[in-house]
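Student: I would like to learn how to read a structure like this one. Can we take it feature by feature?

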Amino acid sequence: MTSSGKKLIYLDNASTTFPKPKEVIEYMTDFYSNYGVSPDRVSSEIATKAAEVVDASRRKLAELFGGSAPERLVFGYNITDSLNLLINSVLEQGDHVICTTLEHNAVLRPLYFLNDHRGVELDIVPFDEYGYIDPEDVKSKIKENTKLVLIIHGSNVVGTIQPIKEVGAICRREGVLFSTDTAQTAGLVPIDMPSMNIDVVCFTGHKSLMGPTGIGGMYIREQLKITPSRSGGTGILSELREQPEEFPYCLEFGTPNLLGIAGLLAAQEWISSQGGISEIHKREMKLANRLHDGLSEIKNVKLYCADLSHDHLPVLAFNVEGMNATDAGNKLDLEYNIANRTGLHCAPLAHKALGTDKSGGTVRLSIGPFNTEEDIDSAIKAVGEIAEAARDSAL
Ligand SMILES: Cc1ncc(COP(=O)(O)O)c(C=O)c1O
């Protein structure tokens, strides 16, 4: 319920999942009340307990990505933070990097910066009319100085899940570092680094991982060494001039987001209690199919890359023909109390490719674990009414 007294229908889960499970919030409140100190194994009982929770959270997340060395799971503050750390640590003048037109500004802007100011070459691979990149396009761009291939796993604009396993196999064969942006997929789609040949997984905690905002990080595969572009306090080996080499200290700087790390631990337990990520994905896709079918029946609604029989997230992008996306989204929000997201979704190249960059982008509805069939039916009805009014006014 919101201050207007209307029930809020929250369909903006691709921005951040809401609400968070009450079990997560209760755990965080209790944990921070009792153990909210700087984690440390030696100084006091509560600091030891805090360190144990950090370790447990690390272990759970490492396991989620198929990693067997928990210390290689390093925490940061969100995926924008970990992508920046990775990009700036790995790429040097004269290197070449490949990404896609589906990429979020969390990838594009750091790469543009290095391209504009640090002599890093950049190639951007397109997606097809269904919303998928072709791994062969990535292969054809790899050259002698290619250092990194960095590809979004699930599109936050059209919801398509990219063939990262195939891209990973190509990169491994070619000896190129491969990383993926799992902002939309971690916690919803299986990610197994060894079988997918992923070198570095970057993640954020507040979407389908069901944790709070302000926590994220990455997992760096065994044997791989990354020389960090940052440095700072680690709580150990303070006498060293340089950042310690061992994990996780080589890629963690300053006091961690302890509360976020604890929240992520509770969130992983909550996900397990719901049957695990595949079960949650299945439930959400059932609702996504219902939404897709309802929207498809509305005459003047255009869906983008929405063949849900292929690898897809419960994320749908659409426009009401003849209407700016912002106007349609505002109506959904203000008149029907349906939280949605309009505009370019921080992915300007994706919208350019779709041809939606000139008309305010698209309206995006994205489903989370707390949505119901009633939510979906209300959204279909609301979009139907908005579309009908648009048709009438065009007459
Ligand atoms: C695909 C993708 N990458 C990166 C981000 C950035 O996430 P964060 O704001 O948690 O850093 C988002 C968030 O919308 C996203 O959808």
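Tutor: Start with a loop residue. Proline 19 is found in the loop between E1 and H1. Keep in mind that this is a predicted model.

Student: What is the peptide bond from phenylalanine 18 to proline 19, cis or trans?

Tutor: General idea: most peptide bonds are trans. Here the bond from phenylalanine 18 to proline 19 is cis, with omega near -5 degrees. The bond from phenylalanine 247 to proline 248 is also cis, with omega near -5 degrees. Proline 248 sits in the loop between strand E8 (216-220) and helix H8 (258-273).

Student: How do I read phi?

Tutor: Most residues other than glycine have a negative phi. Leucine 237 has a positive phi of about 50 degrees, although it is not a glycine. Leucine 237 lies in the loop between E8 and H8. Cysteine 305 has a positive phi too, near 45 degrees. Its place is the loop between strand E9 (301-304) and strand E10 (315-320).

Student: Is cysteine 305 buried or exposed?

Tutor: Use the cut-off: buried means under 20% relative accessible area. Cysteine 305 has 9%, so it is buried. Leucine 237 has 32%, so it is partly exposed.

Student: Now salt bridges. How many are there?

Tutor: The criterion is a side-chain nitrogen of Lys or Arg within 4 Å of a carboxyl oxygen of Asp or Glu. The count comes to 16 salt bridges. Take the bridge between arginine 341 and aspartate 12: the closest N and O atoms are 3.2 Å apart. This pair links distant parts of the chain, 329 residues apart. Arginine 341 is in strand E12 (residues 341-343), while aspartate 12 is in the loop between strand E1 (9-10) and helix H1 (22-35).

Student: Which other residue meets the side chain of aspartate 12 in a salt bridge?

Tutor: Arginine 364, at 3.3 Å, N to O. Arginine 364 is in strand E13 (residues 362-366) and aspartate 12 is in the loop between E1 and H1, so the pair ties together parts 352 residues apart in sequence.

Student: Which residues form the negative surface patch?

Tutor: Asp128, Glu129, Asp134 and Glu136 form it. Glutamate 129 lies in the loop between strand E4 (121-125) and helix H5 (135-141). With 65% relative accessibility, glutamate 129 counts as exposed.

Student: And the whole chain?

Tutor: Begin with the elements: 12 helices and 13 strands. Then check the radius of gyration. A compact globule of 395 residues would have a value near 21 Å; this chain has 22 Å, which agrees. Its C-alpha atoms fill a box of roughly 75 × 55 × 35 Å along the principal axes. Buried residues make up 54% of the 395 residues.

How values were computed: Residues are numbered from 1 along each chain as its sequence is written. This is a predicted model: local features need pLDDT of at least 70, side-chain atom pairs count only at pLDDT 80 or more; totals for chains, interfaces and linings use all residues. Side-chain values use heavy atoms; hydrogens and water are left out. Patches are made of residues with over 30% relative accessible area and no salt bridge: like charges are joined within 9 Å, nonpolar side chains (Val, Leu, Ile, Met, Phe, Trp, Tyr) within 5 Å. Accessible areas come from the Shrake-Rupley method with a 1.4 Å probe; for residues, only the protein chains shown count as cover. Lys and Arg count as positive and Asp and Glu as negative; His and the chain ends are not counted. The place of a charge is taken as NZ of Lys, CZ of Arg, CG of Asp or CD of Glu. Helices (H or I, at least four residues) and strands (E, at least two) are DSSP runs, numbered from the N terminus. Buried means under 20% relative accessible area, exposed over 50%, partly exposed in between (1.4 Å probe, protein chains only). The radius of gyration is taken over C-alpha atoms; the globule rule is 2.2 Å times the number of residues to the power 0.38.
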